[in-house]
Amino acid sequence: MKSKKFKTIVVILMTALAIYYLIPPTGRNLIDVFAENAQVEEGQAGELQSIIKSAREMEAENNPENYPNITYQNLETAIGDTSIASWFDHEIKIPATATDDSTRYVLTRLQKKAAGRLKLGLDLQGGMSFLVRVGENVNTKPQQDVQPVDPTSSGQQTSSAISQVIEVLRKRVDRYGVAEPVIQAVGEKNILIQLPGLTQAERESVRVQLETAAVLEFRLVHENYQQILAQNSVPAGYEALPMLMTDPNTGEQFRTEIVVKDAPEMGLTGKYVDYAQVTPGLTGVPQISLKFDSEGTRIFGDLTSANVGRRLAIVLDGVVQSAPNINEPIPGGEAQISGDFTQKEAADLVSTLENPLETPVEIIEERGVDPTLGKDSIKSGMRASLVGVILVLIFMLIYYMWAGAIASAALAVNLILLLGCMASLDATLTLPGIAGIVLTVGMAVDANVLIFERIREELLQGKSLKGSIKQGFDKVFSTIFDANLTTVIASVILINFGTGPVKGFGTTLTIGIAASMFTALILTRLLLEFLQERGILTEMKMLRVVGKTSINFLNLGMRKTAAVLSVVVLIATFSYALFIRGNSNLGIDFTGGVVQMLSYNQDNKPDVEALKTALDELGLKDPVIQYQSSTVGGGGEASLKIITKGENTDLLPSLQNSFPEAGFTTLGNDYVGPSVGIAITKAALVSALIATFAILFYVAIRFEFSFAIAAVIALIHDVAITLGIFLLLGGQINAPIIAALLTIFGFSINDTIVIFDRIREDLQLGIKGEFVDLMNRAINQTLARTVITSGTTFLAAFSLWAFGGAVIRDFALTFLIGIVVGTYSSIYIASSSVLWITKGKRPVTDVPPTFDPEVTAAEEAS
């Protein structure tokens, strides 16, 4: 009973915490929040109303949809020189360091309060675009009027310097891989970074992240630096640098000077930093803890050993952050940077230190950008996602009745936990991402189906409802644990070895699996036992589509037919893809393309959907279309950006003919690199390879080596055949398709492990007969679960394919193919491979069962 109370408290607390992170889910207008929170004295009400009225009038002239941060700027302009700090001192305490700009401090805090917790991607809400110049001549402004580019020229090839900067900037602005930025080369020296949303404070933080070089150096301090400064005679080999200091009485920060060597001691710089993290200092102020790599540890140990008693300055971008005394040799390779950091500043500094820039960059242009999807695409995608979830819930209610209602409640909590965790990580939801969550719901049903089908088996043996619930959960635990842990192994490897969206997919997948296991094994059991103990649930009625079967799935003829079929499909699809389609297999995310910038009449702005239709008629598939506002601070007009794959096609005549009232004129064009670069692709392949070996190792330990080899064969088979059929149907590989293939990676291994677990259980129970017969028995025992789980996931994917529109249709199609292939392979490929490896002989499994095979009479009676 105490255990149940504890579990109930944990469920309530975790759900409450997730809801806390989700509130408010969507944002509010900053002007409304400003008006609601301002508390003015008598005589100031008119001034407040005048500010609000002026801000709303400016907003009516400048649509926030065309420039995400215009509301902030309108309100700041309306306030002007008016002092508003006292209006908000009941909830916003302005620090001494912000008194010179209290208005911006108050507005930034209010904007954070107005922001919703669920962040939407560039495809759904637009955001901010930063164009940065890479290299020595960073002060040169971009030219709009450039000559047309030749896609076959060497200018297309992204230099190593550009590639390094792209990956560094990606890691800085997307540390967990869940921010969904677009980062790609433009021409030979520019990089375009687009981020969804962004409040004023976030925008300023991004500027710092993009431009900070983070050059970290360790230099010795001159023993007589105070005397040198007083005499103003710095000796050769030294230089005077500014140093940050904090007044111990007032706590205010100021700058002084200190004399340090003009070069890093023993060459010790930030390049030797293995990792950095934020840790609390002795006074509670955040500090940066550094850990050097093996070479850096050796240098740091030699440096401190040779200079005991001297001060060592920690210099960051030419400013001394601290200069502690070396009291003793430090062989461990650890150091701390202390300063007057806020938690956010410390976190940003950690990100830049772990990702130093080797090439200087400068932001040369900022623009607001519209969503890349039209309103119709967004509506159809959201509608399809909702339909998918509803279909799954309706099926569970009809098929499992009372148990289905409990499963639906558990799924609702599952979604809350998943979204709450994503909100806590500041994750961004794109339309394909939302579609992925819908598929997660379909797959999350699997654990509940396993539980309910096992309870059904116990009931059919004549056991009581209480005993059946207990035995059902006990017997299915190892199945759920093994099936999900193999997927978690893959997802954790994606997090650690992947980058960008690959890391983000691993993060989301890990959260989804954890939420699914938690709700199925803990919440569903609590609800079932609660209703049973109070007499509300006296029986568990369920429909039964798949009854007791004894199909001979693994007869020699079927195994040979399946093997030949798989080989033929693999050879046929990949021969077509490689030798006939060639470069057409890759979408614009992987190839890059040509960007054309057009000016237009803002009073007659064509819809994105209409533009896509017009370009589709020209044979240009999946173009990227995005409206951009005028540059921040003026100096550039609003424009339309169109990126197309392949040859440089002049779109102007066709668009002028299709939309004469839009007044399109050319501003310029250039080459843009892929948004999914070589580094991301390489990380994805390395991660998948490591994950495959990790799964092989785990399955070999938990099951038997022949099972491990068979699971990997089925895994590779499923991903390869799904990709081959998708390409045969004319699809192109882009970022959402990679996400779909990684999802199939998890679905495939999960499906295979469920059958393998039942085979292992039957081996442990000593079921008599030939090994092939025992395997057939296990497949038939789990057939209902296989059909229902694949069916619910298929329902969710089919709704996305049928109603989601062109944007997520390929994503859904890939998963539809993967469901069919994965279900087929778990029966015919994985199981047949075990028989082939073992030559039909029963393997010996030493892994003990996780339940008592026989329920004692006393336990059953209780």
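User: Leaving aside neighbours within four places in sequence, which residues is Thr 666 in contact with?
Analyst: This is a predicted model, and in it Thr 666 sits in strand 18, residues 665-672. Strand 18 runs antiparallel to strand 15, with seven bridges joining them, and Leu 598 stands opposite Thr 666 there. Leaving out anything within four places in sequence, the contacts of Thr 666 are Met 597, Leu 598 and Leu 652.

User: Is Thr 666 buried, partly exposed or exposed?
Analyst: Buried would need under 20% relative accessible area, and exposed over 50%. Thr 666 comes out at 41%, so the label is partly exposed.

User: How far apart are the C-alpha atoms of Thr 666 and Asp 650?
Analyst: Along the chain, Thr 666 and Asp 650 are 16 residues apart.

User: Why does strand 15 count as largely enclosed by the rest of the structure?
Analyst: Strand 15 covers residues 593-599. It pairs antiparallel with strand 18 over seven bridges and antiparallel with strand 17, residues 639-644, over five bridges. The label itself comes from burial, because the count of buried residues in strand 15 is seven of the seven.

User: Which residue of strand 17 does Leu 598 stand opposite?
Analyst: Five antiparallel bridges join strand 15 to strand 17. Leu 598 has Thr 666 opposite in strand 18, while in strand 17 the residue opposite is Leu 640.

User: Which side chain makes a polar contact with the side chain of Gln 626?
Analyst: Gln 626 belongs to strand 16, residues 624-631, and at 0% relative accessibility it counts as buried. Beyond four places in sequence, Gln 626 is in contact with residues including Val 369, Asp 370, Thr 372, Ser 639, Leu 640 and Lys 641. The polar contact, at 2.6 Å, is with the side chain of Gln 194.

User: What is the bridge partner of Phe 218 in strand 10?
Analyst: Strand 5 (residues 216-220) pairs with strand 10 in the antiparallel sense over five bridges. Within strand 10, the partner of Phe 218 is Ile 314.

User: Which residue takes a positive phi in the hairpin of strand 10 and strand 11?
Analyst: Strand 10 and strand 11 (residues 319-322) pair antiparallel over three bridges, with Val 315 bridging to Val 320. Two residues lie between the strands. The positive phi, near 50°, belongs to Asp 317.

User: Is Ser 385 buried or exposed?
Analyst: Ser 385 is in helix 12, residues 375-400. Away from its sequence neighbours, Ser 385 touches Ile 434, Ala 435, Val 438 and Leu 800. Its relative accessible area is 5%, so Ser 385 is buried.

User: What distance does helix 8 reach from its first C-alpha to its last?
Analyst: Helix 8 (residues 200-211) has 12 residues, and Gln 200, Arg 203, Ser 205, Val 206, Gln 209 and Leu 210 are buried in it. At 1.5 Å a residue, 16 Å is expected. The model comes close to that, at 17 Å.

User: What percentage of the protein chain's residues count as buried?
Analyst: The chain has 27 helices and 18 strands. Among contacts between residues at least 6 apart in sequence, 78% join residues at least 24 apart. Of the 862 residues, the share that counts as buried is 52%.

Key: Residues numbered from 1 in each chain as written. Predicted model: local features only at pLDDT ≥ 70, side-chain atom pairs only at ≥ 80, totals over all residues. Heavy atoms only, no water. Helix = DSSP H or I, 4+ residues; strand = E, 2+ residues; numbered from the N terminus. Buried < 20%, exposed > 50% of the residue type's maximum accessible area, 1.4 Å probe, protein only. Contact = heavy atoms within 4.5 Å. Polar contact = N/O pair within 3.5 Å; in protein donor to acceptor, adjacent residues only side chain to side chain. Pairing = 2+ DSSP bridges. Expected span 1.5 Å × (residues − 1).
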